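This report goes through one protein model, starting with charged side chains and moving on to the sheet and the aromatic rings. Keep the sequence and the structure at hand while reading.

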Amino acid sequence: RRPPRSTLDRSSAASDVYKRQVEYRPWGWYRVLDDSDDHKVKEIEVNPKSRLSYQSHTKRSEVWTVISGEALVTIDDKITELRMNDSIFIPINSKHRLENKSDMKLNIIEIQTGSYFGEDDIERYEDDYNRS
């Protein structure tokens, strides 16, 4: 088992570079905070009036915790509103979406657990940005 690639166990210079590796998307951005064989942790920011695709994953489940803002979460067609400190569990194979209907930015922490954490483990059912 490889050791976790956490910002906590890197040198200061390497840690600063790691923290800046932000992946931009049409709806906002994310960055990986921790990545290991059995989990991945991301910080995600969703722009005002934006949403992620309605999607599912075959190899991982997720827990979303709202850090700031208000989230509208859809899981298998059930809609739930979340505010700061609220969390929700998304099981493997569940269709889900994260949405920010407000005029403020939405920040969440996403914890993934499962057998694979690649960005190619996404099946999209609806997408505002015409990604397949």
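## Charged side chains

Arg 25 counts as partly exposed, at 28% relative accessibility. Here buried means under 20% relative accessible area, exposed means over 50%, and partly exposed lies in between (1.4 Å probe, protein chains only). The model is predicted, so local features need pLDDT of at least 70 and side-chain atom pairs count only at pLDDT 80 or more, while totals for chains, interfaces and linings use all residues. Residues are numbered from 1 along each chain as its sequence is written, and side-chain values use heavy atoms, with hydrogens and water left out.

Arg 25 and Glu 23 meet through their side chains in a salt bridge. That term stands for a side-chain nitrogen of Lys or Arg within 4 Å of a carboxyl oxygen of Asp or Glu. Glu 23 is partly exposed, with a relative accessible area of 37%. How many salt bridges does the structure hold? There are 11 salt bridges in the structure, and the table gives some of them.

| Salt bridge | Distance, N to O |
|---|---|
| Glu 23 and Arg 25 | 3.8 Å |
| Asp 103 and Lys 49 | 3.6 Å |
| Arg 60 and Glu 62 | 3.1 Å |

Are Arg 60 and Glu 62 buried or exposed? Arg 60 is buried, at 2% relative accessibility, and Glu 62 is buried at 2% as well. Salt bridges that share partners also join Arg 51, Glu 99 and Asp 128 into one network.

The side chains of Asp 103 and Lys 49 meet in a salt bridge. This pair links distant parts of the chain, 54 residues apart: Asp 103 is in the loop between β10 (96-100) and β11 (106-114), and Lys 49 is in the loop between β3 (39-46) and β4 (50-51). Asp 103 is exposed, at 61% relative accessibility, and Lys 49 is exposed at 56%.

## Strands

Strands are DSSP runs (E, at least two residues), numbered from the N terminus. Two strands pair if DSSP finds at least two bridges between them. Strands of a sheet pair through backbone hydrogen bonds, either parallel or antiparallel.

An open sheet of 6 strands has antiparallel pairing and the order β1-β2-β3-β11-β6-β9. β1 (22-25) and β9 (87-90) stand at the edges with a single partner strand each, so one side of each is left without a neighbour in the sheet. β1 pairs with strand β2 (residues 28-35) in the antiparallel sense over 4 bridges, and Tyr 24 stands opposite Trp 29 in β2.

Strand β7 (residues 71-75) and strand β8 (residues 78-82) also pair in the antiparallel sense, over 5 bridges. Val 73 stands opposite Thr 80 in β8. β7 and β8 form a hairpin with 2 residues between them, and Asp 76 in the turn has a positive phi of about 50 degrees.

## Aromatic rings

A search of the whole structure finds 1 aromatic pair. Tyr 54 and Tyr 125 form this pair, edge-to-face, at 6.3 Å centre to centre and 65 degrees between the planes. Rings of Phe, Tyr and Trp (its six-membered ring) pair if their centres lie within 6.5 Å; planes under 30 degrees apart count as stacked, over 60 as edge-to-face and the rest as tilted.

Tyr 54 lies in strand β5 (residues 54-56) and Tyr 125 in strand β12 (residues 123-126), so the pair ties together parts that are 71 residues apart in sequence. Tyr 54 is buried, at 6% relative accessible area, whereas Tyr 125 is partly exposed, at 34%.
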